[in-house]
Amino acid sequence: MDPRLGSATHTALAAPLHPPLAPGAALVEADRCLGCGGLDAAAPCAAACPAEIDVPRFIDQIAAGDDLGAAQTIFAANLLGGTCARVCPVEVLCEGACVLHHEGRKPIAIGLLQRHATDVAFAKREGPVRPVAPRRSERVAIVGAGPAGLVCAGELAARGFTVTVHDEHTEVGGLARYAIAPYRIGSDPLDSERLQIEELGVAFRLGHPIDGEHLEEIGEADAIFLGIGMGADTAIHYPGDGLNGVWESLPFIEALKFGTPPNVGTHAVVIGGGNTAIDVAREAVRLGARTVTLVYRRTRAEMPAFEHEIAEAEDEGVRFAYLTDPVRILGEHHVEGVECLSMSLGEPDASGRRRPQPVTGSERTLIADSVIKAIGQQPHREAAAWFGGLAFDGSRLAIDPTTLQTSNPKVFAGGDVVGGTSVVQAVRDGKHAATAIEEWLCRS
Ligand SMILES: Cc1cc2nc3c(=O)[nH]c(=O)nc-3n(C[C@H](O)[C@H](O)[C@H](O)COP(=O)(O)OP(=O)(O)OC[C@H]3O[C@@H](n4cnc5c(N)ncnc54)[C@H](O)[C@@H]3O)c2cc1C
């Protein structure tokens, strides 16, 4: 057996963080909703939803026993309503805004109710989720079948445009399929959502990276949407990187999601401070490591990860080594440890965060059988040369924030490639871009 592979079962890795509600429980939960909001002001939960779902309405429909109607309300605003129900950081969005929460009571489980309604709709499958307008002649090419591309495609196809989505992967979903933790999402409901989007008239051309040759073909479309996300892991190298047991975060997650769970050994060290680092650390716990230590060079206050995610990881046993910077990975053939330096915080740097500085003579070693680097992703810089040249603003593709147009007016972009960090932000961008593309095509 490959020594890089562990023995954790897929079932153990994919055990859902928040199990779905039983039908009776959904009714009871929906019944707790106060149904706030009205003609003058949206309910706080709905105002907090980047996808603009009418949350009180769908909850009211569930309470009335109309699960399919609730799903229709959700899909009318968000074609990836099933995916978002599983992966959205509801703690800082709809559920964080719930008035019950502010009264010190348990907020309505909006994510689980949304999952309940959409699951019922996927199981019944009653034809297209939206009315489809008569076919128009204008062609739109979408690069990227991640959340941004899928939503932009579905919205435009429902309005009659001829839409083709191109992706290098053979399956749709982008990071939602290949990177988001299996305890949040598996291949479902993305497969069901793909079917729904196909029923709106979208064509898929999967399994082909877009490169020089295909760019010419795509360039012939009347408008183009780039939802290409970010690229591979950020290339930060440490001496000892090449040892067995050292992983980049994205291949690590992809391996465990697709049936080849990595062998993390007894002691795992995760490098990074964002949500990806937290996910990887929680996955290492599920893979059977006895100690999982996340090293981060600033303090908890500066960590970009969500506070609730840090707290959940702590509850699961992840240890946090703050003000700690890895300098080299130790071992002969396989990882044996990570040499680290303690840090102190100096003056703020360009990002406004206090700059970490090494403390002289503070070297120490963390024992490690595996090291996973989760430091972020690199931008798709190659896109700078596409379609006659596209401008970047730092690591993001530059866009007009109102129209989502790049420096080439025929090319629109959204999602992570323009600075998004979540599925629901990509959904919001996909929707806005579809409206902007429609307006631009109708004017041209
Ligand atoms: C480890 C991890 C965990 C995460 N967890 C969460 C979470 O729990 N909740 C949440 O809301 N968000 C989470 N996110 C963020 C979320 O996944 C992204 O914000 C979201 O997927 C962005 O969508 P997108 O469509 O912009 O890009 P992506 O999902 O990155 O999709 C881009 C697609 O474009 C394709 N592509 C790129 N270049 C080309 C090319 N040249 N030719 C053809 N195809 C191309 C890619 O293969 C990919 O399929 C997580 C991210 C990571 C890395």
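**Figure 1. The ligand between two domains.** In this predicted model, the ligand lies between domain 2 (139–231 + 379–443) and domain 3 (246–373), because both give residues to the shell around it. The domain assignment of the protein chain also gives domain 1 (18–124). The C-alpha centres of domain 1 and domain 3 are 34 Å apart.

**Figure 2. The shell around the ligand.** There are 32 residues around the ligand, and Val 87, Asp 167, Glu 168, Ile 210 and Asp 416 come nearest. By residue class, the shell consists of 14 nonpolar, 13 polar and five charged residues. Four helices each supply at least two residues of this shell: helix H10 (147–158), helix H14 (249–257), helix H15 (275–286) and helix H17 (423–443).

Figure 3. Which residue places a polar side-chain atom 3.3 Å from an oxygen atom of the ligand? That residue is Arg 184. The backbone of the protein takes part as well: a polar backbone atom of Ile 210 is 2.7 Å from a nitrogen atom of the ligand. A backbone N or O atom of Val 423 lies 3.0 Å from an oxygen atom of the ligand. On its own, the ligand has 1,000 Å² of accessible area, and the protein covers 94% of that.

**Figure 4. The open sheet that contains strands E2 and E3.** Five strands make up this open sheet, with parallel pairing and the order E3-E2-E1-E4-E16. Strand E3 (203–206) and strand E16 (411–413) are the edge strands, each pairing on one side only. From one strand to the next, the twist averages 20°. Strand E2 (residues 162–167) runs parallel to E3, and four bridges join the two. Within this pair, Thr 164 stands opposite Ala 203 in E3.

**Figure 5. The open sheet that contains strands E5 and E13.** This open sheet also has five strands, and its order is E5-E13-E6-E7-E8. Its pairing is parallel. In general, the strands of a sheet pair through backbone hydrogen bonds, either parallel or antiparallel. Which strands form the edges and pair on one side only? These are strand E5 (246–248) and strand E8 (319–321). The twist from one strand to the next averages 20°. Three bridges link E5 to strand E13 (residues 370–373) in the parallel sense. Val 246 has Val 371 in E13 as its bridge partner.

Conventions. Residues numbered from 1 in each chain as written. Predicted model: local features only at pLDDT ≥ 70, side-chain atom pairs only at ≥ 80, totals over all residues. Heavy atoms only, no water. Near = heavy atom within 4 Å. Polar contact = N/O pair within 3.5 Å; in protein donor to acceptor, adjacent residues only side chain to side chain. Areas by Shrake-Rupley, 256 points an atom, 1.4 Å probe, with all protein chains shown as cover. Nonpolar A, V, L, I, M, F, W, Y, C, P; charged D, E, K, R; others polar. Domains from an automatic or database assignment. Pairing = 2+ DSSP bridges. Axes fitted to C-alpha atoms, helices over the stretch in contact; angles between N-to-C directions.
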